[in-house]
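Biologist: I would like to learn how to read a structure like this one. Please take me through it feature by feature.

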Amino acid sequence: MTQIVKMKGMNKYFGKLHVLQNIDLTVEQGEVVVIIGASGSGKSTLIRCVNGLEEFESGSVEVDSHPLAPKGGNQKALAEIRKEVGMVFQQFNLFPHLTVRKNIMLAPMKVKDASQVVANATAERLLNRVGIGNQADKYPSQLSGGQQQRVAIARALAMEPRLMLFDEPTSALDPEMIGEVLDVMRELAKEGMTMMVVTHEMGFAREVADRVIYIHEGQIVEEGKPHDVFDNPQNERTQSFLSRVLAH
Amino acid sequence: MEFQFQFDWQAAIDSIPYLAKGIPYTLLISFGGLLIGFVLGIIFGLLSINKNRLLRWPATAYIEIFRGTPILVQVLFIFYGLPDLIGGPIDPLTAGIAAIALNSGAYISEVVRGGVQSIDKGQTEAGLSLGLSRTQTFWSIIWPQAFRRMIPPLGNQAIVSIKDTSLFSVIGVGELVRQGQVYIANTFTAFEVYFVVAIMYLAITLSLSLILRLLERRGVASV
């Protein structure tokens with residue numbers, strides 16, 4: 001099996017704060033890894049280190065055989081990684097000055113030199129896939145939150161990524177729109193996309209994840225199949241976290 | 001004895017053709033200067049938010065110097081002072097355009113900086129995460145959004161600069177105020193002539209406001 005992500009002894013600081021401590025983590029091709037933990041535990045920072053939106057201070061991070069260097073070194077590898085890794089953000093981060101269609105066409109045309117015709121066909125195919133084929137010529141602000149997030153997923157998919165990062169993709173959504181976004185993610189997982197997902201949706205984690213990782217204060221304290229982590233957590237911190245989030 | 005002032009409409013109307021000769025100069029100096037000022041503003045505005053201190057520092061120095069000194073002093077310095085340095089006279093029109101360019105450039109730098117910094121960091125992150133380079137991210141994602149937000153303050157600056165050209169009567173450019181002064185010297189109709197001069201400025205600035213408002217309305221629909 002190919003390892004898409006390999007982290008070894010990775011450390012990350014925000015000033016004096018040691019936000020990620022000695023992280024060892026691998027993600028296999030086709031695997032869905034869900035990262036859970038309290039806010040401020042470092043789970044978002046962890047996935048942001050995968051595509052270099054955050055720099056790390058020491059250790060090693062390798063993504064699809066491209067080695068990232070600490071402190072933002074190896075810009076060449078970083079550029080390659082970003083072409084192969086898609087990311088979906090909590091706040092969607094769609095481009096408000098472009099139509100939905102143009103949002104999706106931008107990266108293939110700029111980064112992969114795709115022709116307008118090809119990029120447009122890709123955009124339409126992906127919009128249909130995420131269920132909003134009829135909204136292509138609207139601007140992001142004219143869509144609901146759930147629709148915007150589905151556009152964001154389509155936009156990332158347009159680059160044909162080998163790995164998708166999801167940074168709390170449903171946390172900014174109204175409750176009634178969470179389902180439609182999770183459905184798209186579920187489909188993606190079923191089709192074999194390699195995914196790293198930071199989320200508070202424990203139901204989704206239990207159902208879709210191949211592996212669940214619990215992070216506490218910058219350390220991976222528990223890792224395993226959803227069934228094991230959720231029903232039989234070994235670490236007492238995991239137990240107390242789960243009892244708090246699963247209680248309601 | 002009772003003093004009665006009569007506004008002499010005929011004198012005002014008579015002055016129009018002569019004063020109007022100043023309008024092309026006023027427009028040339030303001031818009032020529034503003035065009036160069038806009039280029040300077042983009043360059044120094046972007047340098048002023050560069051991570052590299054060696055690039056940031058000169059930009060900040062330029063901005064502070066030209067915002068912190070009166071434009072009248074700047075134009076006098078350029079017209080009377082610089083020739084000593086370069087060993088030849090500077091034509092008043094050139095001096096005027098240069099003063100507007102350098103002065104508005106400093107203010108526009110701040111407009112550019114504010115506009116760019118007002119765009120959410122998530123936009124840059126989204127661009128980078130899609131594989132766009134920093135340069136591509138900036139010009140295709142950040143700049144178009146920032147520019148739209150810059151239109152109102154740019155319009156503001158344009159109006160300020162148009163009015164600033166009135167100071168250049170002191171170096172003898174035949175702009176609106178200068179034309180007025182020369183005309184009054186012969187006719188002694190100061191009230192009427194300055195009234196017409198004021199109306200002419202107002203006509204220029206109001207048309208500009210109108211154009212900008214239309215531009216803005218067309219631009220903001222999508223943001």
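Biologist: Which residue's side chain meets that of A:Lys43 in a salt bridge?

Modeller: The idea comes before the case. A salt bridge here is a side-chain nitrogen of Lys or Arg within 4 Å of a carboxyl oxygen of Asp or Glu. The partner of A:Lys43 is A:Glu168, at 3.7 Å, N to O. A:Glu168 sits in the loop between strand 7 (163–167) and helix 6 (175–190) of chain A, and A:Lys43 in helix 1 (residues 43–50) of chain A, so the pair ties together parts 125 residues apart in sequence. Helices (H or I, at least four residues) and strands (E, at least two) are DSSP runs, numbered from the N terminus. Over all chains, the rule counts 21 salt bridges.

Biologist: What should I know about the model itself?

Modeller: It is predicted: local features need pLDDT of at least 70, side-chain atom pairs count only at pLDDT 80 or more, and totals for chains, interfaces and linings use all residues. Residues are numbered from 1 along each chain as its sequence is written, chains are lettered from A and ligands numbered from 1 in the order in which they are written, and side-chain values use heavy atoms, with hydrogens and water left out.

Biologist: How many residues of chain B are in contact with chain A?

Modeller: Contact means heavy atoms within 4.5 Å. By that rule, 19 residues of chain B touch 21 residues of chain A.

Biologist: What area do the two chains bury between them?

Modeller: Interface size is often given as the accessible area lost when the parts come together. Buried area is that loss (1.4 Å probe), summed over both parts. Here chain B and chain A bury about 1,700 Å², 62% of it on carbon and sulfur atoms.

Biologist: How many salt bridges cross this interface?

Modeller: The rule finds one. It joins B:Glu125 and A:Arg48, at 2.7 Å, N to O. On the side of chain B that touches chain A, helix 6 (121–129) and helix 7 (134–164) of chain B each give two or more residues. Helix 6 of chain B has the largest share, seven residues.

Biologist: Which residues form the nonpolar patch on the surface?

Modeller: Patch residues have over 30% relative accessible area and no salt bridge; nonpolar side chains (Val, Leu, Ile, Met, Phe, Trp, Tyr) are joined within 5 Å, like charges within 9 Å. Areas are Shrake-Rupley values with a 1.4 Å probe, and for residues only the protein chains shown count as cover. The members are B:Trp9, B:Ile13, B:Ile16, B:Phe195 and B:Ile199, with about 510 Å² of accessible area together. Helix 1 of chain B gives the most, three residues. B:Ile199 is in helix 9 of chain B.
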